[in-house]
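I opened the coordinates today and kept notes as I went. The entries follow the order in which I looked things up.

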Amino acid sequence: ISLRSKPFEPPIHTLQQETQVHPTYFTSLALISKHSLIRATKRVTTKNPRSFQNALYIGKINFKSASTSSLQSSIQPNTNRKLFDDASDSMNLFHFSIANNHDDTIRDLDKVEHKKSTKNNSSNKKGIAEEVVADHAWRQLNHIWSDEEIKKQMATKNQKHKPVTQEDKIMKMIMQAMYHSFNTMTGYRHEDPTAKSIEWRLIILESFAGVPGFLAAAFRHFYSLRALKRDHGSIYTFLEEAENERMHLLVCLKMFKANSITRALVIAAQVTMTPFLMMTYAISPSAMHRFVGYLEETAVDTYSNIIHHCEKEGTNLHKEWSQLQAPAIAKSYWALDKDASWVTCLKHILADEAHHRDINHTFAELPPNAENPFIKEHMKDFDRAVMRKTEKVMRDSLMRY
């Protein structure tokens, strides 16, 4: 398909609806293409800086009407016509790529970023650097937590759901039995835990935590196909949860190795617990979500305790972990600072776990076929991801030329 043979010209009312849902979406479309940015930079910056500025901010002008003609009439008279065409072409091409998930198109256009990432990748010269792949702007979008949001999530460590129904009580008892058995098996103690006891605990915990979300998405996917009905967006939420937990595992594996015993326990947990969760979800989806909600409560407890001891002088964890740097994939995944610490990374994991706790307790109480209450959060995360990607492409292009 030739993307340039037929410019994207959606109806005005469609653009108006999209703009209301994604306020920053169309703001970013005219800025993303590497080709237009480079052409604009080389041709206009020295001759007409104001024209270049107009082109960069074309997406912010008169998007209420959101038609090409209105955009053209909104630009100041001294704007370069060819530059406007380049920006419009970038907007059309990027919208087509995002709407159809054409990741290859975006990556082909943005060769500057790709060359830079592969150049810095000394460990894997034939592929893309792990920290680049960890940036989820092009696939399952995770939430990027602000410092204020992390503080709020950490303040909810004592937030516990009290069992109400008989189903809740059964799931609570099962979770408590597993939690205490897990503590005994890993040698974990609440007061001044050792780094060794935490390492394989986190690997086993995160390898298991990635299972329920994927099972819930699979069950809902097949039900939607079987019943010929919509899922109302819940599948996306659970796939993102499963991917988020898997990223937690990959981040932990960058910090410490899994020995043969840990690997055996991971396999045993997956083999035994996956059938249990499948059977539970087949009988009562709300029961499995309640179980996962209780599981995430224990995860929040664990990470809160780890962070507390990492920041408390004189403890084992403070000695072993307080000076460690966060791995590169964690910095990319959560958009952390270049000098972010391992403790900062743990705080972001805690925030994720607290959010999963709230999601599963919410779904445990939602009636069948209810709308997903977290859809708007996903949309906002998408808008922010587009803006981050736009800024990165612009910055890299301008620095190169």
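**Entry 1: helix H11**

I started with burial along H11. Asp168, Met171, Lys172, Met175, Tyr179, Phe182, Asn183 and Thr186 are buried there. Viewed down the axis of H11, these buried residues sit within an arc of 105°, so they line one face of the helix. I then checked the other side of H11 and found Gln166, Met173 and Thr184 exposed.

Next I asked what the buried residues of H11 pack against. The partners are helix H12 (195-227) and helix H15 (285-311).

I also took the span of the helix. H11 covers residues 166-186, 21 residues in total. From first C-alpha to last, H11 reaches 30 Å, close to the 30 Å expected at 1.5 Å a residue. Just after H11 comes Gly187, with a positive phi of about 75°.

**Entry 2: confidence**

This is a predicted model, and I looked up its pLDDT before going on. The protein chain averages 77, and 66% of the residues score at least 70. Where is confidence lowest, and where is it highest? Helix H7 (residues 103-109) is lowest, at a mean of 42. Helix H18 (residues 342-365) is highest, at 97.

Two stretches got a flag in my notes. Over residues 1-19 pLDDT stays under 50, and the model has 18 contacts beyond four places in sequence for them. Over residues 21-80 pLDDT also stays under 50, and here the model has 121 such contacts. Where pLDDT is low, the predicted coordinates should not be read in detail.

**Entry 3: whole chain**

I counted secondary structure next. The protein chain has 19 helices and zero strands. It holds 401 residues, and 48% of them count as buried. I looked at contacts between residues at least 6 apart in sequence: 74% of these join residues at least 24 apart. The accessible surface comes to about 21,000 Å². Carbon and sulfur atoms account for 57% of that surface.

**Entry 4: salt bridges**

How many salt bridges does a search of the whole structure find? It finds ten.

I went back to H11 for one of them. Lys172 and Glu297 meet through their side chains at 3.8 Å, N to O. Lys172 belongs to helix H11 and Glu297 to helix H15, so the pair ties together parts that are 125 residues apart in sequence. I checked burial for both: Lys172 is buried, and so is Glu297.

Asp168 of H11 is another buried residue I had listed. I found Asp168 linked with Arg290 and Glu365 in a network of salt bridges.

Then I took a pair within helix H13 (residues 234-255), namely Arg246 and Glu243. Their side chains meet in a salt bridge at 3.1 Å, N to O. Being three residues apart, they are separated by about one helical turn. Arg246 counts as partly exposed, at 37% relative accessibility. Glu243 is buried, with a relative accessible area of 11%.

Is Lys392 buried or partly exposed? Lys392 is partly exposed, at 27% relative accessibility. Asp396 counts as buried, at 8%.

Notes. Residues numbered from 1 in each chain as written. Predicted model: local features only at pLDDT ≥ 70, side-chain atom pairs only at ≥ 80, totals over all residues. Heavy atoms only, no water. Helix = DSSP H or I, 4+ residues; strand = E, 2+ residues; numbered from the N terminus. Expected span 1.5 Å × (residues − 1). Buried < 20%, exposed > 50% of the residue type's maximum accessible area, 1.4 Å probe, protein only. Arc of directions from axis to C-beta. Contact = heavy atoms within 4.5 Å. pLDDT = per-residue confidence, 0-100. Areas by Shrake-Rupley, 256 points an atom, 1.4 Å probe, with all protein chains shown as cover. Salt bridge = Lys/Arg side-chain N within 4 Å of Asp/Glu carboxyl O.
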